[in-house]
Amino acid sequence: MDGRAAEVSRRFEGAFGGEPAAVARAPGRVNLIGEHTDYNGGLVLPLAVDRDTRVALRPRADTRVLGFSRERGASESELAAPPASDWLDYARGVARLLADAGRIPARGFELCVETDLPQGAGLSSSAAFEAAVALALLGAAGVTAQRADRPELARLCQRAEAEFVGVPCGIMDPFTVLCSDAGAALWLDCASLESRPVALPDSLALWIFDSGVERSLRSGAYAERRAECERALGGARAALARPLASLSELAPEELAGLERALDPVALRRARHVVTENRRVRAFAAALTRGDLAAAGAALFASHASLRDDYAVSCAESDALVSESRALAGCLGARMTGAGFGGCTVHAVEAAHATGFAPALAERFRARFGRTPRHWRTAAAAPAELLAP
Ligand code: GLA
């Protein structure tokens with residue numbers, strides 16, 4: 001067990017007395033490219049980041065669920081109670097689905113959680129929490145989730161968030177957190193769930209900047225985008241008279257023919273999805289042939305599409321992206337995650353990595369009067385059971 005896992009165990013002992021039955025950790029994720037494509041059957045290319053959430057947990061004989069979060073304080077509920085709009089909902093949602101699937105007994109538990117992932121910043125703190133809870137609950141029941149089980153577990157975490165917490169998110173976040181490889185980004189086709197690791201060259205440094213604009217997936221704008229995509233899909237099916245499973249099945253050259261069939265908003269949303277899938281392919285191909293300039297250009301183009309066609313950016317994220325263009329060594333940048341605030345990701349030539357961040361922070365401060373939080377990140381290990 002590493003030092004931070006030992007710390008969450010100690011905190012568990014302080015909160016509940018006695019040792020936890022299982023300890024697990026799960027990283028956050030940053031998406032390099034392929035945004036708002038996962039729920040449209042498209043391509044994504046995220047990586048697990050080197051910040052994580054750690055949980056220590058012990059099953060109870062009854063059905064009470066007691067939680068203590070270093071960041072959010074204490075909470076308490078019943079396993080079968082309806083969602084309470086509280087952080088413990090995520091853990092109860094996962095536990096209930098695991099119990100429904102017959103993988104663990106339907107019992108309550110005590111849970112202690114700590115994280116160094118910023119909450120609500122678009123780095124998937126919720127999927128990290130769900131995945132760590134899932135691995136710890138299975139671990140406490142004597143099961144270590146094998147690699148082959150993990151895609152199914154990712155689906156279960158997604159369902160817990162959609163069906164229990166009420167956030168209709170896609171598969172990208174839990175899949176990345178549970179199924180990526182240490183040291184590599186993850187290519188994922190969200191229609192088939194086929195995935196493969198994508199190596200990142202040492203000459204590429206990644207910086208994450210937090211716009212400081214807090215977003216909440218519950219705010220409704222995310223669900224609104226999903227509904228707009230459904231509308232676009234319905235319109236495209238009718239106009240093309242073929243059974244499209246998702247917007248990602250549209251060919252780029254079919255878009256022009258949809259101009260009359262779709263309302264302007266639906267057309268822009270569809271165009272983002274179709275062009276974003278193309279940019280994911282272009283980005284991965286550019287990395288493979290070592291063309292970092294072309295990879296970076298795909299990131300800038302993705303941001304423009306998210307800002308203009310998908311309308312999910314904000315002034316602070318736009319500024320972080322446009323200001324970084326002028327800085328030495330910056331190859332590309334874009335907002336990452338759902339948007340409406342949250343973080344941006346910046347691809348920088350490693351030789352310029354240290355000068356880049358203070359220069360960008362200063363430019364942001366000059367415009368918005370505060371210094372944004374930022375971190376250099378690298379592809380980290382996926383979620384794991386640390387004990388037993
Ligand atoms: C959030 C969701 C993901 C994905 C992104 C946008 O992070 O949880 O499923 O839809 O937004 O790409």
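Where is the place of Arg-58? Arg-58 is in strand β2, which covers residues 43–59. Helices and strands here are DSSP runs (H or I of at least four residues for helices, E of at least two for strands), numbered from the N terminus.

## Ground rules

This is a predicted model, where local features need pLDDT of at least 70 and side-chain atom pairs count only at pLDDT 80 or more, while totals for chains, interfaces and linings use all residues. Residues are numbered from 1 along each chain as its sequence is written, and side-chain values use heavy atoms, with hydrogens and water left out.

## Around Arg-58

The side chain of Arg-58 has two partners to look at. One is the backbone oxygen of Gly-17, reached at 2.8 Å. The other is the side chain of Glu-110, with a polar contact at 2.8 Å. A polar contact is a pair of N or O atoms within 3.5 Å; within protein, one must be able to donate a hydrogen and the other to accept it, and residues adjacent in sequence count only if both atoms are side-chain atoms.

Now for contacts in general, meaning heavy atoms within 4.5 Å. Leaving aside neighbours within four places in sequence, Arg-58 touches Phe-12, Phe-16, Gly-17, Gly-18, Glu-19, Pro-20, Ala-21, Phe-109 and Glu-110.

## Helix pairs

Axes are lines fitted to C-alpha atoms, for helices over the stretch in contact, and angles run from 0 to 180 degrees between N-to-C directions. Angles under 35 degrees count as roughly parallel, over 145 as roughly antiparallel, 65 to 115 as roughly perpendicular and the rest as oblique. For residue classes, Ala, Val, Leu, Ile, Met, Phe, Trp, Tyr, Cys and Pro are nonpolar, Asp, Glu, Lys and Arg are charged, and the others, Gly among them, are polar.

Take α2 (residues 88–100) and α4 (residues 150–165) to begin with: their axes come within 9 Å and cross at roughly 120°, which makes α2 oblique to α4. The α2 side of the contact includes Tyr-90, Val-94 and Leu-97, and the α4 side includes Leu-153, Leu-156 and Phe-164. By class, that contact has nine nonpolar, one polar and six charged residues.

## Two more pairs

Helix α6 (residues 221–240) packs on helix α7 (residues 264–288) at about 95°, with the axes 9 Å apart, so α6 is roughly perpendicular to α7. Arg-225, Glu-228, Cys-229, Arg-231 and Ala-232 of α6 meet Val-265, Ala-266, Arg-269 and Ala-270 of α7.

For α8 (residues 292–308) and α9 (residues 315–325), the angle is about 150° and the axes are 11 Å apart, so the two helices are roughly antiparallel. Phe-300, His-303 and Arg-307 of α8 make the contact with Ser-317, Asp-318, Val-321 and Arg-325 of α9. Here the classes come out as two nonpolar, two polar and three charged residues.

What is the peptide bond from Ala-387 to Pro-388, cis or trans? That bond is cis, with omega near 5°, and Pro-388 is in the segment after β12 (384–387).

Leu-193 is in the loop between β6 (184–189) and β7 (194–199). Phi of Leu-193 is near 60°, a positive value in a residue other than glycine.
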